[in-house]
Amino acid sequence: MTPDDSAPVSAKSPEAKAPATAFGKGFVLDAWYFVALSRDVKAPALKRYELLGEPVLIGRTRAGQVYALRDICPHRAAPLSAGRLVEKPGEGETVECCYHGWRFRPDGVCAAIPSLVKDQSYEADRIRVRSYPVRESQGMVFVWMASDPRVAPDPDHEPPLFPGVVGGEAKMVEWMDFDAHVDHAVVGLMDPAHGPYVHQQWWWRSEQSMHEKAKAFEPREHGFAMVRHAPSSNSRAYRILGGAPATEITFRLPGYRWEHIIVGEGRVGAKQVLALTCLTPLSETKTRITQIFWSDHWVFGVAKPFLRMGVVAFLKQDGGMVNLQNEGLRYDPALIWIDDADKQAKWYQQLKREWMKSRAESRPFVNPVTAATLRWKS
């Protein structure tokens with residue numbers, strides 16, 4: 001353990017004076033954030049989201065193109081999402097503001113200002129609403145949040161591709177907003193030691209079932225993974241899958257954690273389960289946790305209501321613990337990180353710092369994670 005690994009971290013410490021990289025401060029920028037499932041973005045609806053403290057309109061043209069605009073009309077600041085999608089001759093499809101009818105193309109350029117008369121030569125196309133790069137991938141919509149919004153961003157990488165997106169559309173989706181900075185949400189998600197205390201269910205595990213575990217980890221693109229292994233014997237929920245399930249758990253910046261389970265690996269007819277968790281920071285103090293499941297396993301057809309109950313229970317338990325944690329965090333205490341149970345949390349902080357530093361220095365990202373076997377009791 002290095003000296004800085006166990007040192008308390010506080011918002012009052014020297015490290016916390018750098019708002020972009022300090023724990024519990026700032027966001028990972030120049031990155032793709034999950035905002036919605038593709039099936040939930042339908043023309044001509046205009047949907048308002050908040051991302052990293054910014055209002056963002058997500059829409060889809062009738063031709064099928066998804067777009068993202070800053071959800072503020074530059075005229076009088078009305079939300080563009082309160083308007084409507086229209087099509088006028090010579091303009092194509094535009095977003096019409098509900099206040100004065102200013103119309104904006106999906107790329108953010110103003111197409112028309114209805115109040116202008118013929119001899120007024122104001123050039124509407126000089127006005128722009130900020131547009132965000134947007135991608136659809138594997139049935140999900142991602143928005144690129146740039147470090148410098150004044151410059152038209154050109155993403156240098158694509159959204160992550162997740163293994164195990166099988167069986168058609170997502171089988172189950174649940175979400176909850178947590179009153180926490182995304183950093184606290186991330187380390188809570190990857191914390192291996194809280195399960196027996198926060199998630200005590202007969203079908204999962206209990207304090208009495210705790211035992212020592214050793215898991216191998218290795219670096220992955222923009223993150224790390226707990227390499228494929230047999231699930232722990234005290235994780236009873238895996239038993240309903242039958243066979244001999246093998247799981248791999250991966251984390252990737254800015255806030256994706258997925259568990260890819262293969263049942264009957266190496267045999268004909270192997271089934272898969274992908275449990276993807278997307279952490280989307282809405283603001284400095286609120287984070288949306290979205291749980292998405294894909295599978296071609298029969299259990300998602302038969303036991304889906306019971307699985308949903310379990311997912312909702314987990315989210316509520318984590319949300320309750322976040323609220324309790326906030327009672328202490330409002331006093332700005334120093335936080336102590338220990339090996340090995342907190343090693344993943346420390347890796348996340350190192351990944352975040354390196355990401356922001358590499359972008360500031362215009363150089364390639366160098367993954368700070370090294371292969372290791374971690375041991376803890378849970």
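The exercises below work through a predicted model of one protein, each with a solution in steps.

Residues are numbered from 1 along each chain as its sequence is written. In this predicted model, local features need pLDDT of at least 70, side-chain atom pairs count only at pLDDT 80 or more, and totals for chains, interfaces and linings use all residues, while side-chain values use heavy atoms, with hydrogens and water left out.

**Exercise 1. Confidence and overall make-up**

State the average pLDDT of the protein, and give its numbers of helices and strands.

Solution. Start with pLDDT, the predictor's confidence in each residue, from 0 to 100. The protein averages 88, and 89% of the residues score at least 70. Over residues 1-19 the value is below 50. Beyond near neighbours in sequence, that stretch has 32 contacts in the model, a contact being heavy atoms within 4.5 Å.

Next, count the elements. Helices (H or I, at least four residues) and strands (E, at least two) are DSSP runs, numbered from the N terminus. There are six helices and 18 strands.

Last, take burial. Buried means under 20% relative accessible area, exposed over 50%, and partly exposed in between, with a 1.4 Å probe and protein chains only. Of the 378 residues, 50% are buried.

**Exercise 2. The nonpolar cores**

Identify the residues that touch the most other members of the largest nonpolar core, and the helix that gives the most to that core.

Solution. A nonpolar core is a set of buried Ala, Val, Leu, Ile, Met, Phe, Trp, Tyr and Cys residues joined through side-chain atoms within 4.5 Å. The largest has 60 residues, and Ile58, Val143, Phe224 and Phe251 touch the most other members. Helix α6, residues 343-360, gives the most, with six residues. A second, separate core has 17 residues, among them Ala78, Cys110, Ala124 and Val129.

Now look at Phe224. Leaving out residues up to four places away in sequence, its contacts include Met190, Ile249, Phe251, Trp347 and Leu351.

**Exercise 3. Strand β14 and its partners**

Work out which strands pair with β14 and how many of its residues are buried.

Solution. Two strands pair if DSSP finds at least two bridges between them. Strand β13 (residues 223-229) pairs with β14 in the antiparallel sense over five bridges, and His229 has Thr247 of β14 as its bridge partner. Strand β15 (residues 256-263) also pairs with β14 in the antiparallel sense, over eight bridges. There, Ile249 is bridged to Glu259. β14 and β15 form a hairpin with three residues between them.

For burial, eight of the eight residues of β14 (245-252) are buried. In a regular strand the side chains alternate between the two faces of the sheet. On one side of β14 are Pro245, Thr247, Ile249 and Phe251, on the other Ala246, Glu248, Thr250 and Arg252, and all are buried.

**Exercise 4. Helix α5**

Compare the span of α5 with the expected value, and list its buried residues.

Solution. The expected span is 1.5 Å times one less than the number of residues. α5 (residues 304-329) has 26 residues and reaches 37 Å from its first C-alpha to its last, close to the 38 Å expected. Its buried residues are Gly310, Val311, Phe314, Leu315, Gly319 and Val322. What covers them includes β11 (172-178) and β17 (286-295).

**Exercise 5. Cysteines**

Decide how many disulfides the model has, and check Cys73 and Cys110.

Solution. A disulfide is a pair of cysteine sulfur atoms within 2.5 Å. By this rule the count is zero. For Cys73, the nearest cysteine sulfur, that of Cys97, is 3.9 Å away. Cys73 is buried, with a relative accessible area of 2%. The sulfur of Cys110 is 7.8 Å from the closest cysteine sulfur, in Cys73, too far for a bond. Cys110 is buried as well, with a relative accessible area of 1%.
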